[in-house]
Amino acid sequence: THRNIPTQVGTATEWVSVSAGDIHTLAIKSDGTLWAWGYNSHGQLGDGTTTHRNIPTQVGTATEWVSVSAGDIHTLAIKSDGTLWAWGRNSEGQLGDGTTTDRDIPTQSGTATDWVSVSAGGSHTLALKSDGTLWAWGNNYSGQLGDGTTTARTSPRFIAAGASLASGHAEPMIAVGMYHTAALKSDGTLWAWGNNEFGQLGLGDTAHRNTPEQVGTQADWASIAAGRFHTLALKSDGTLWAWGGNTNGQLGLDDDADRNAPEQVGTDGDWVLVDAGDSHTLALKSDGTLWAWGRNEIGQLGLGHAMDCRAPEQVGVAADWASVDAGSSHIVALKSDGTLWAWGGNDYGELGLGDTAYRDTPTQVGTETVWVSVAADYVRTLALKSDGTLWAWGRNSHGELGLGHTMDRNAPVKVGGDRDWVSASTRLYHTLALKSDGTLWSWGYNGHGQLGDGTNADRTSPGRVDTAANWVSVVAATSTRPR
């Protein structure tokens, strides 16, 4: 379930660092244990499996982890003894162990014991040693390793000396985007190399570089962050600068034009931290406020709406919304008190308010406070209550509500009498849902076999999909429109 406001992960209070990959996350606790969750197709979680995880799962039993970096679908981490470990996808040698074999548990990269910092990119890796030398390995088709070639490397390759600690910081400053790299030296200068099609290197053009090149002449850079195709950096005076791809306004410059050289974000001088997502950015000010901008089609900015923001907008406007989902022209959302709200189009009763009148402000659906999840499709809605019951309303032309008939409903109606539903997904004309015993069920339009029951017959009530009982997630893709 997407979240459009910050939501706490569990109740633990001993987390000390976190690193987000493309679709997986790693974090370290104060006791030195390492935890992982998210997508695990290539073993990037390091738990010895390729099973996805939706809650933090401990990586082995070691208690000496000190830093971790999650790449696209690979992970690297350093232990307190200075050894470097890697796992996940290794098709380009990004694990640095001299092979291209995937690993599903932490595997030591070489025998060196003087690693101090590591940063994982899309399919390449950069790391620093305690003597200030910079090393790189993995994919190199755009010269992102900085070794003067475009040859991939499966083991760490020396890149440069003098890449020591950035002035005023306790850790080296390296930022790795999808195919580009930026780094700070101890003298406060900024360097970049790799892919540059959107100007993400900040060198005033869009030519790729296969060796490090200085960004401007300034020597007052303090920290650096890289998104997929954009880069941001802070100066020692607290100003924030951005450059690179800007399709969704992720540079925060109040437009969507790319930049090939650093440009200041606003005029404020009280920024203290910046972090870049794929096509969005978040940053902190010295007064503790959080700001966000860029792509926001699923509410990832935490601003309570789904509009892209081209300039910094404060996160944390007083609100108690817990989740939201959008249909074709209607919105349904949950509040933290378990109430359900809806607004927008309502031609088929998809708002669940007992009529077909449009609403232009959030309107509560009934008075109950037991809703736990909700899913909106084009003109229908499904929702779960805390007692495990599943409810549906809106358009029902092919039985996609699962109520045993094809009549539309303008208020929530319970789907059967079962109380063990855990998730549901509906798309255009069919629905799939999971039960707590791991079984998968489907109903609605089936003209192209989208119900997975071996037939092409529509179904107006839930029917089980095969005999397996180990289904863990479900997504209903768009059906072909019935003729």
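Which residue is the bridge partner of Gly244 in β20? Select Gly244 and look across: the partner is Arg259.

This is a predicted model, where local features need pLDDT of at least 70, side-chain atom pairs count only at pLDDT 80 or more, and totals for chains, interfaces and linings use all residues. Residues are numbered from 1 along each chain as its sequence is written, and side-chain values use heavy atoms, leaving out hydrogens and water.

**Stop one: the sheet.** Select residues 240-244, strand β19. Strands here are DSSP runs of E, at least two residues, numbered from the N terminus. Three bridges join β19 to β20, and the two run antiparallel. Strands pair if DSSP finds at least two bridges between them. Now widen the view to an open sheet of four strands, in the order β17-β18-β19-β20, with antiparallel pairing. Its edge strands are β17 (221-226) and β20 (259-264), and each pairs on one side only.

**Stop two: strand β3.** Select residues 34-38. Leu26 stands opposite Ala36. Between these strands the hairpin has four residues, and Gly32 takes a positive phi near 85°.

**Stop three: across to β4.** Select residues 53-58. Three bridges join β3 to β4, again antiparallel. Finish at Gly38, whose bridge partner in β4 is Arg53.

Note on methods
Buried < 20%, exposed > 50% of the residue type's maximum accessible area, 1.4 Å probe, protein only.
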